[in-house]
Amino acid sequence: MTVLSGRPRGARPAGTGLGRRSLRVRLVLFVSVTLVAVCAAMALSTVLVQRVYLLGDLDQRVTDAAERSQGGLQRRTGGATDLGFLNERGQPAGTLAARFADGEIIAAEVVTEDGRQRVLTGAQRAALKGITADGSVHTRIVPGLGTYRVTALGGDGVPVLAGLPMADVQQVIDRLVAVEAVIAALGLATAACASAVVIRRQLRPLGRVAATAAEVARVPLDRGEVAVLARVAARDTDPGTEAGQVGVVLNQLIDHVESSLAERRRTEERMRRFLADASHELRTPLASIAGYAEYMNGGNRTIAPELAWHRVLAQSARMTGLVEDLLLLARLDEGRPLQRTEVNLATLVAEAVWDAQAAGGEHDWRLALRLDGPVTVFGDASRLHQVVANLLANARVHTPAGTKVTVVVETLEARETPSVAGTGPGTAAEKEPGTRSGAARCVIRVRDDGPGIPPGLLPSIFERFTRADGSRSRTPGAEGGTGLGLAIAAALTEAHGGRIDVRSEPGRTEFSVTLPTACRSAAPSSVPSSSQL
């Protein structure tokens with residue numbers, strides 16, 4: 001049976017090969033190979049240069065020997081085969097000489113180690129054939145004698161051939177190669193060891209950074225409370241080094257993870273609190289409805305059925321209003337667009353104040369319109385009315401009877417828009433799409449002289465289900481709200497491209513709503529600039 005392997009033929013197994021080795025090993029190998037190449041190039045260059053120099057010196061000595069031989073033959077009276085000049089002083093062992101006649105070698109001898117002359121054999125003479133007497137230097141291998149550099153001189157003098165062995169030159173080259181090989185081997189071994197030590201030391205910070213990353217990776221981030229995550233030590237965060245740059249980036253990443261986890265925990269806490277508050281608010285009317293229904297099904301009729309049905313309807317209306325408020329907030333969170341029309345803000349605020357006076361006649365309601373003319377905004381009239389109504393209801397419910405509530409409507413040019421100190425979810429730079437930069441903005445201020453809001457409650461005043469039951473007095477017998485009014489006002493204001501802020505101290509609380517205006521008219525306003533209702 002043939003077993004087919006899933007790995008392609010010739011493929012390397014995982015974890016092998018240079019590409020799978022550690023960075024330290026690859027750096028050491030790279031440095032070692034580079035040093036080997038450099039040393040080999042230097043050694044080869046040295047050998048070649050030395051060989052050229054030695055050969056040049058040898059060729060010069062060969063030429064000098066040929067000239068001496070030619071001069072010696074001119075002074076001698078011997079025959080055509082006379083090579084007695086080899087007996088002269090200064091002829092080194094191994095010197096070779098020959099005589100020519102009609103281009104043929106008729107006599108050839110060599111100086112032996114003991115200083116005597118020995119006649120060359122026929123095979124040795126044959127190795128010297130073909131050399132012309134033009135003074136050029138040739139390399140010939142003479143059997144039994146080795147490699148020679150030879151030259152032949154003719155001209156006006158007696159034709160003669162002279163040669164010297166290359167054994168000394170080759171011996172020097174061989175020794176030079178051996179010495180360079182030993183030195184290169186020792187140097188490469190030392191360099192490789194030093195490189196390994198230096199690279200290991202230099203990569204230690206990177207190893208510590210990797211250990212920190214591995215420690216963070218082992219932390220279970222998907223459940224439970226996450227403690228403070230490990231950080232790369234300060235010594236490994238030097239931005240001047242590559243490892244330090246990695247450490248800095250890793251610390252930034254860990255900071256981002258921690259901030260994201262903290263935000264996730266805060267979001268989960270807000271969600272749990274929101275669900276608990278919503279459940280509590282819905283449970284109260286549901287319990288009332290269930291109680292009245294059970295009472296009406298029983299035999300005991302101490303309360304008239306009409307009154308019971310009235311209370312059931314009241315609790316149903318309360319529950320319906322709560323659900324509608326939650327749905328509105330959900331739609332605003334999703335960013336669903338609102339209906340956009342031109343809304344006369346002065347008329348809208350005046351109607352809202354009249355409605356608040358009808359609902360809370362025990363308060364002192366005042367309206368001040370500081371306008372040069374009608375001011376319109378682009379927005380949803382019913383939702384803008386809800387913003388003002390919620391602010392007025394908040395002032396009415398959370399202040400005692402006789403409190404003066406002043407509503408001010410005014411316009412400010414963009415350069416005059418003040419930086420309002422207080423708490424608010426929006427930003428002054430937010431603008432309604434389509435509104436020109438530098439256009440006038442309208443500000444609605446709702447001010448009362450009640451007890452004020454505790455400082456600890458101000459940061460969360462616009463959060464959902466935030467109540468001030470224990471901090472601001474209520475009208476006796478009045479029913480508390482659900483804690484969604486200011487959250488809805490803030491969300492609607494932001495959806496209209498505006499912002500809402502609050503400043504509070506004992507005896508003065510002021511909510512301000514800033515909205516971008518659509519246009520301004522120069523016609524005089526038909527609404528009185530200030531009135532007491």
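**Sheet order and salt bridges in the predicted model**

In this predicted model, six strands form an open sheet in the order β3-β2-β1-β6-β5-β4, and their pairing is antiparallel. From one strand to the next, the twist averages 25 degrees. Within the sheet, β1 (residues 96-101) pairs with β6 (residues 160-165) in the antiparallel sense over 4 bridges. Arginine 99 lies opposite valine 160 of β6.

The structure contains 12 salt bridges. One of them joins the side chains of aspartate 57 and arginine 61, with an N to O distance of 3.3 Å. These two residues are 4 residues apart in helix α1 (residues 23-75), so about one helical turn separates aspartate 57 from arginine 61. Aspartate 57 is partly exposed, at 38% relative accessibility, and arginine 61 is also partly exposed, at 37%.

A further salt bridge is formed by glutamate 258 and arginine 231, whose closest N and O atoms are 2.7 Å apart. This pair links distant parts of the chain, 27 residues apart: glutamate 258 belongs to helix α4 (residues 242-297), and arginine 231 to the loop between α3 (167-217) and α4.

Arginine 445 and glutamate 410 likewise form a salt bridge, with 2.7 Å between the closest N and O atoms. Arginine 445 lies in strand β11 (residues 441-448) and glutamate 410 in strand β10 (residues 404-412), 35 residues apart. Arginine 445 is buried, because its relative accessible area of 10% is under 20%. Glutamate 410 is buried as well, at 13%. Through shared partners, salt bridges join Glu410, Arg445, Arg447, Arg503, Arg508 and Glu510 into one network.

Technical notes. Residues are numbered from 1 along each chain as its sequence is written. This is a predicted model: local features need pLDDT of at least 70, side-chain atom pairs count only at pLDDT 80 or more; totals for chains, interfaces and linings use all residues. Side-chain values use heavy atoms; hydrogens and water are left out. Two strands pair if DSSP finds at least two bridges between them. Axes are lines fitted to C-alpha atoms, for helices over the stretch in contact, and angles run from 0 to 180 degrees between N-to-C directions. A salt bridge is a side-chain nitrogen of Lys or Arg within 4 Å of a carboxyl oxygen of Asp or Glu. Buried means under 20% relative accessible area, exposed over 50%, partly exposed in between (1.4 Å probe, protein chains only).
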